[in-house]
Amino acid sequence: MLRRSTLLHILTAFVLLFGAAKPVRAQGKPAPAEQPARKLTKPPRLVQFVEAEYPEAEKGNPRETSVVLEIAISATGAVEEAQVKTSAGPNFDAAALDAVRRFEFEPAEIDNVPAPVRITYEYRFTVKVEAPTTAEYSGQVVEKLTGRPLAGVNVAIEGSEPVITDAEGRFSFSELPPGTRLVRLWGPDLIEVQTEEQLEAGKQLDVRYELELKPEDDSAESDDLEIVIVAPKLTKQAVSTEVSADKARRVPGTQGDVLKIVENMPGVSRASAGSGAVVVWGAAPEDTRTYVGSVRVPMLYHFGGLRAVVHPDTVGSVELLPGGYGAAYGRGLGGIVLVDTRDPASDAFHTNLRLDVLDASARVTGPITENVSFDAAARRGHLADLVSLSDDDSYQSYFTIPEYYDGAARVRYRLGDAEHLELGGMFSSDRQEREAPSVDPSERESDTRELRFERVSLRYVRDAGDGSTVMVEPWVGRDRSARTGEFGGVKVENQNKSYLVGTRAEYRSSVSPEVGMLVGFDFEFVRTASGRDGTQTQPPREGDPYIFGRPPGDQTNTDEWQSQVWSAAPYAELDVTPFGPDFHVIPGLRVEPYVLAAERRRPSAPGQADLGVYTFDIAVQPRLAARWAVSPAMTLTGAVGGYRQPPAPEDLSSVFGNPLLTTSRGTQYTAGASYQLWSSLSFATTAFYTRSRELSVRNPDPTPAVAESLVQTGEGRSLGTQFMLTAGRESEQGFFGWVAYTLSRSERRSSPDAEWRLFDFDQTHVFTALAAYALGGGWDVGTRLRAATGYPRTPVVGAYYNTFHNRYEPILGDLNSTRIPAFFQLDVRGAKLFEFDTTKLEIYAEIQNVTYRENPEEIAYSADYSEKSYISGLRILPVVGASLEF
Amino acid sequence: MKRLPPSPRTLLASLAGVLSTSACIPEFDEDASLVAEPRILAVRAEPAESEENESVELAALIAIPEGGATFAPAWAFCSAPKPLTELGPVAQPCIEDFGNESPVLNDLGSGASIDAVVPDGACRVFGPIPPDATSGDASARPVDPDDTGGFYQPVLAGISRDDDTPAFGRVRLSCGLTGLAPDEAIKYRLGYRRNENPMIEKLVARVGEERIVLEEGQSFTLAPGSQVTFEVSWSDCPREPRCGDQVCSPGEERAECPDDCSEPRGCTGAETYAVFDRDAREVVLQREGISVAWYSDVGGFSVPENGVAASDPETTGETNTWTAPTSERDSRVWVVVRDERGGVGFRSVIANVRAP
């Protein structure tokens, strides 16, 4: 803030009259007779004030002070003499004398005649803040993925000479004219990047530029940096929470698994223990899509929710779009989880080894040739092996320890300075098994679940140099899931094997300074072979009243079927700034034709040919978002859009589902605001409303039609608001944390005529507060507090005895009209990092639920339903581990 | 003596124990075999499998603890089809309306046993014949069978007409199977035999060295706090068809085995019957498993229920140990045997607990 002191002139009212007239001498004459006293008939009036310069020597410590002077004013009004009577120091004295000697007065009058007078004058020096007329501008340039400061980058802003970032990547400008200014960043042999900043007079703008770097040219002798231009995110999502991998790893409860941070983001409901489900804004878990790059994967977390399916050391960042997202994504009524992977290292080989209570993993990345680099990681869980050492496996009735492993590998070929081709693959395997043998046939239970998937992709990226980018990523994959079990003598078997082919192609560019553009094509084909044997109610669907331990019905059927889902979605978005750079309007359109094919229109019958069925649907999905930077600190956002979701292949059975199911529809509305309270404290809030229709639900008709076990009459709605207070700057390794709170209500009904009832995953309140702090010396500590409303459940209001199966059956109250009690958990984490040259060893310990609270996870009933109690989750989960990087 | 440090395995096991005991499953103080108040333990239909419009005798095993009053239960057939959204065995309105006038209940009268007629159209409402569709001209979805290929008419029996929680039972329907290929349909017709209720051939109480064969209502004596081992057995049904064994087994026809099949007779044990294997899409022969449920009004059984799986055709009985109360009294014991196809047999005896 520039300050300029000015002098204020205060003429104090000390005017003393000293008869400055010469004395009159009489000659030998006798003393004259006493004459009448002279009278000041008019005081002197200052007509020409001269402002004194504030002494330079005093500007370093500006203060208010006064100099009292005696001024002799002649009969013509000129200052004949000035003397200091009360000093304020030689500097102020000299300045005041210099000024008053140039004063001009109307002369005083004595007896109506101009006459010389002397006055006492107080010259007061004050400090005044003038309205600023310039701005300050500073910031830091860092590498996007790692946050490493970038030194030696040229930064220029209109109206000023360029500067170069220092060792910390920092730069600064002062006394810049306010307004919108073009900022350029470049380096020798670099591609220049430009952006615009809004400067306000009297304010300091502090920014952070995160740039994606190209690998350093090993042959270069200098420290030249190559900055890969990533065209500014054309359509910054109206609602988005993005966290870097380094930050996410420090949060308690994640056990160093970066992607577990999603559970702590606003808008995400707390999943029940062992589920790993991601419930966003009242959407069912299967409605939220997860992408690794452009490749869709069937789940974010392994069974049990202990680990993500992507190795943490390969993750660059994770972004959650809970809703209201742009036209680039679809096929889901819930949110989107975007996982961005790190670039393979090209400077040298890097190895990460991890070992903890849950699993062991390794990752290696490095250069193969000058233009080729690779990244490979693998992990295997051993918690199941560990727990098997215990003789007590009673916990398996509720929380089955999963067995899992996963891996990924990528090879990148650099085609040019801003162009590369990357071949990648990943795989994941999960298995959960439990068995409860019993001499009582009705008590026997066994349950085995498996899910495996593989993906292979080829990604091409090119930055054209003018800020435009091209990305093309075709991929193929395979998913296999199976569930077999026996519950109370009823066997259940479900299998699905899917082959997937997908492609995403995108081009983004600036049409003009006011218009940015994104066009793309999103294609996906899924062919699934499914088999199912068992009851209608296993697996359960949303809306089925859930009673823990209740055996399924004994009426069974079987079916095998194949299905195909084709969808090809061209999409486009514009980023328009019709009223200046502060206001963005982002219209988008996604037009998605669907072809749904099911093998059989009706259940297979001997002597009847199987007739397949094809359903064609075109989903026109307009999207609109707006973003208005009301001030440098405050931004308003809003979005509205139409969304579609195809039916699950498992629902296209003519026996258990409905081959004629089409896409479900939804509309999402969001409105939000974010405010930068200080440079390291920000606040954001978003209100949301979602409405969905044509959801697949069980047919409530007591005599349903053939091949209509499911009907598409369900509806849903969610209303809520989320708040997030984030502290800690991106550039600092010290403290960071956030407080997130979501208030919402989610409802469903089976048809437009039915009553609304709570959604199975409704959670009215979800509160998360987390903090991590680097103490120094390699020590890092963190804590996380979570509180959430319990999930709805259907109460048991009575029971009747089933003599056929020799067990009691519950009589149920209104669907989802009661709740599991609220959840509360406090986690702590501590870590110590040891650094030895190029080697880093981190040892960490984490305790989940450090207060040992018995959080109810499920309602349990006695055999006759006369008594009720709660199954509590893991009372405590200590995890110790180590990570070695070299 | 210096204590050795725990081995790695011990440490790991300790940690595993911490984890494994962390998820707390509550235990309820309950005994499924204890009869604390008058209740219906079983419902038997004779014959065990009936066609539409066929007469059937329904009998209830009513357990009355000592001092309790006997009663004559009210009976009703449920006529409401069960929607797919109903996770229980019967349409909820039938349970809720029991004891009151209701369009979904067919009143059958009251009594420990009654005679009833299987409703006309039961195979359409509860069986494989597609019911009348309610949605336009689309054909309706037939009911799914259970793993034995069975369809059932729901029946409710309550202690009093005003009782809100009746006992639920089933009458197995002889509806045949639809949707089979012609050759499989023939195999099924030739191979399927109606269910026969299992019968307790012998119930023995072993008190010390003494073996006491107990008939219906018979009593025996044992000391307070002592244990008795009950042995229940049932008929050893033929595992292969054999003319002259007095059982019309699958594969036997009247022409070849007139003694066995002139009046088709089943076996009162674990029968062999034909069932359509949906995976293999062919008719196969399957043997019943038998479950045994044990009840008493005082004392306690080792297990409330056990039985013999279908994979164990050689075993034709089961045992259980009952611990007598520590005070002198007359204790009632009920034993119920059930086969997989809904057949029921039961016997009740009295244990006189007396100090020697």
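Within strand S41 of chain A, Thr783(A) is the bridge partner of Ala771(A). The strand in question covers residues 779-788 and pairs with S40(A) in the antiparallel sense, over 10 bridges. Here, a strand is a DSSP run of E with at least two residues, numbered from the N terminus, and two strands count as paired if DSSP finds at least two bridges between them. Strands of a sheet pair through backbone hydrogen bonds, and they can do so either parallel or antiparallel.

The model is predicted, so to speak of local features takes a pLDDT of at least 70, while side-chain atom pairs count only at pLDDT 80 or more and totals for chains, interfaces and linings use all residues. Residues are numbered from 1 along each chain as its sequence is written, chains are lettered from A and ligands numbered from 1 in the order in which they are written, and side-chain values use heavy atoms, with hydrogens and water left out.

Back in chain A, S40(A) and S41(A) make a hairpin with two residues between them. Gly777(A) sits in that turn, with a positive phi of about 70 degrees. S40(A), residues 765-776, also runs antiparallel to strand S38 (residues 735-749) of chain A, joined by nine bridges. Opposite Phe736(A) stands Ala772(A) in S40(A).

Chain B has an open sheet of three strands, in the order S1-S3-S6, with antiparallel pairing. Its edges are S1 (39-46) and S6 (113-117) of chain B, each pairing on one side only. From one strand to the next, the twist averages 25 degrees, with axes taken as lines fitted to C-alpha atoms and angles running from 0 to 180 degrees between N-to-C directions. Strand S3 (residues 55-63) of chain B is joined to S6(B) by five bridges, and Ala59(B) faces Ser113(B) in S6(B) as its opposite residue.

How values were computed
Helices (H or I, at least four residues) and strands (E, at least two) are DSSP runs, numbered from the N terminus.
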